[in-house]
Amino acid sequence: MANAPATVPSTSDVVIRLEDVSLFYGSFRAVRDISYPFRTHAITAIIGPSGCGKSTLLRSINRMNDLVPSARATGRMMFHGEDLYGDGVDPVEVRRRIGMVFQKANPFPKSIYDNVAFGPRVNGFKGNLDDLVEQSLRRASLWDDVKESSSSRAWPCRAASSNACASPAPSPPSPRSSSWTSPARRSIPAPRCSSRN
Ligand SMILES: Nc1ncnc2c1ncn2[C@@H]1O[C@H](COP(=O)(O)OP(=O)(O)OP(=O)(O)O)[C@@H](O)[C@H]1O
Ligand SMILES: [Mg+2]
């Protein structure tokens, strides 16, 4: 990373700290030597041209790149002072705590209801699922469009609503991973682009 923040935040102000992070696909280094303290309660934008490694960096922080066989990381990524790649760290728990919203919606091939209900079901939600789905669709301003077919639960997941049904917010994010209050806008340069040679 070319630029460091003007002031060095204290440890308690940092939610995620990257230290000399490089990310590889096989022998190709897609992200090179990133060190950066992501502050709590702040929005940080990573801006750069297509292919420069933004998604690779984000997927590595929440351990989604573990699912790419050729992917590997060097350096350290700390979350609240804990090494995200440390021994015994459960990648599923990491993904639970560090959420990710994708630029392209990927709804499951199920009804809207089942897409919205998927996360709560997996997490053993014991409350009223119908209410939760309705609340979520209301918050996404979709309820009025789909409520007529809600009783049959046979809601086709069409393109118009796929964005919301792929990324509904049926439960608030974990406080440990969220930075919603009083956001201060910050931006950092994108990872340097690497050539394949
Ligand atoms: N699964 C993969 N296997 C091999 N190379 C990959 C893989 N995913 C990404 N890459 C390569 O890593 C580099 C960074 O890609 P990445 O998708 O992180 O860029 P990006 O900045 O998010 O781009 P965009 O703005 O288009 O989303 C690119 O050269 C890309 O071709
Ligand atoms: Mg991307």
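The model is predicted: local features need pLDDT of at least 70, side-chain atom pairs count only at pLDDT 80 or more, and totals for chains, interfaces and linings use all residues. Residues are numbered from 1 along each chain as its sequence is written, while chains are lettered from A and ligands numbered from 1 in the order in which they are written.

Start with the largest nonpolar core, which has 18 residues. Such a core is a set of buried Ala, Val, Leu, Ile, Met, Phe, Trp, Tyr and Cys residues joined through C-beta atoms within 7 Å. Buried means 20 or more other C-beta atoms within 10 Å of the residue's own; exposed means 12 or fewer; partly exposed is in between; C-beta atoms are placed from the backbone. I16 and V21 have the most contacts inside this core. Another core, of eight residues, lies apart from it; Y113 and V116 are among them.

Now look at ligand 1. Its shell includes Y25, K54 and V68; a shell residue has its C-beta atom, placed from the backbone, within 6 Å of the molecule.

Finally, turn to phi. Most residues other than glycine have a negative phi. H80 is not a glycine, yet its phi is positive, about 50 degrees. H80 is partly exposed, with 15 other C-beta atoms within 10 Å. S141 is also not a glycine, and has a positive phi of about 55 degrees. S141 counts as exposed, with 9 C-beta neighbours inside 10 Å.
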